[in-house]
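Welcome! Please take a moment to look over the sequence and the structure, and then walk through the briefing below.

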Amino acid sequence: MMAALLDEVAAAWSNARYPVVFTGAGMSTESGLPDFRSARGLWKQRPESLATMAALRRDPGEFYFFYQWRIARLWEAAPNAGHAALAALASAGFVRRLITQNVDGLHQRAGGEAVELHGTLRTVSCLGCGAGYDSRQLLPARTGWEEEYRSGRYRPGKECICPGCGGSLRPDVVLFGESLPGDAWDEAARVSRAADLFVVVGSSLAVGPANLCPEFALESGARLVIVNREATHLDGRAEWVFHDKAAGVLAAIRERIIG
Ligand SMILES: [Zn+2]
């Protein structure tokens, strides 16, 4: 049954004129990237209040540790078979555009490209002069900083300061309360409306306005595929739904389309 459904999706995908892929956090869990929300008990505040400009000013230790922890995990993680499958499909001409809610850069590290709706944790920039840096710039050079945080001795150091001007560095992600980067949003909306096949991977479609993309596609008559471990509110409007992990399904589809 599963094989028959995969055959159907692969046939629809390979015949699509404008296939668009949309990915979320479930895309990266098989890369060993922990969901920061599930690291409960580590943070002293909820991510919604930590990941804000107000927190950077009011509580820089909490803000910087939260991002240093996430940046450290991100560079330890590697793209998985799902990222590789999408990159291969794209380079063979079977993905017109890939939109992602993820900030981990794993699509790019797998050799692909992505419209990053929520920015990226691969780079940081200076609030003073605007200079940009690799996000590993923000990691403390000393060891033991995670233990310092757990025991209450952690303080943000010179790694959080721009080497050029002394301004504060910030991650290039969209913080709570900030709007999505206009260019990325415009591009995502445009390609979603142009899609005739729209493939959601690893997103529960809970976060707006990103979750409007599949709705734009449906309004334009696209066929919808959803690959997500849990049900989503659009499952009923999808032609194919796989409640499964992303990497296995994508690898099986890639195999059918390009071998
Ligand atoms: Zn600067």
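Let's start in a loop: P209 lies between β7 (197–201) and α9 (212–219). Keep in mind as you explore that this is a predicted model. From that loop we will move to the whole chain, and then to one helix.

**The loop between β7 and α9**

- A cis peptide bond joins G208 and P209, with omega at about 0°.
- L205 lies in this loop too, between β7 and α9.
- The backbone of L205 has a positive phi of about 60°, although L205 is not a glycine.
- Why are these two features worth a look? Most peptide bonds are trans, and most residues other than glycine have a negative phi.
- Is L205 buried or exposed? Its relative accessible area is 3%, and because buried means under 20%, L205 counts as buried.

**The chain as a whole**

- How many helices and strands does the chain have? Its secondary structure comes to 10 helices and 9 strands.
- The C-alpha trace spans about 55 × 30 × 30 Å along its principal axes.
- A compact globule of 259 residues would have a radius of gyration near 18 Å, and the chain agrees with this, because its own value is 19 Å.
- Among contacts with a separation of 6 or more, 69% come from residues 24 or more positions apart.

- Of the 259 residues in the chain, 53% count as buried.
- The accessible surface of the chain comes to about 11400 Å².
- Carbon and sulfur atoms account for 50% of that accessible surface.
- The chain carries 28 positive and 29 negative side chains.
- How far apart do the centres of the positive and negative sets lie? They are separated by 4 Å.

**A residue in helix α10**

- A247 lies in helix α10, which covers residues 246–258.
- The relative accessibility of A247 is 7%, so A247 counts as buried.
- Which residues does A247 touch, leaving aside its neighbours within four places in sequence? A247 is in contact with E30, N80, A81 and G82.
- A247 and S31 are 216 residues apart along the chain, and their C-alpha atoms are separated by 9.5 Å.

Note on methods
Residues are numbered from 1 along each chain as its sequence is written. This is a predicted model: local features need pLDDT of at least 70, side-chain atom pairs count only at pLDDT 80 or more; totals for chains, interfaces and linings use all residues. Side-chain values use heavy atoms; hydrogens and water are left out. Helices (H or I, at least four residues) and strands (E, at least two) are DSSP runs, numbered from the N terminus. The radius of gyration is taken over C-alpha atoms; the globule rule is 2.2 Å times the number of residues to the power 0.38. Buried means under 20% relative accessible area, exposed over 50%, partly exposed in between (1.4 Å probe, protein chains only). Contact means heavy atoms within 4.5 Å. Accessible areas come from the Shrake-Rupley method with a 1.4 Å probe; for residues, only the protein chains shown count as cover. Lys and Arg count as positive and Asp and Glu as negative; His and the chain ends are not counted. The place of a charge is taken as NZ of Lys, CZ of Arg, CG of Asp or CD of Glu.
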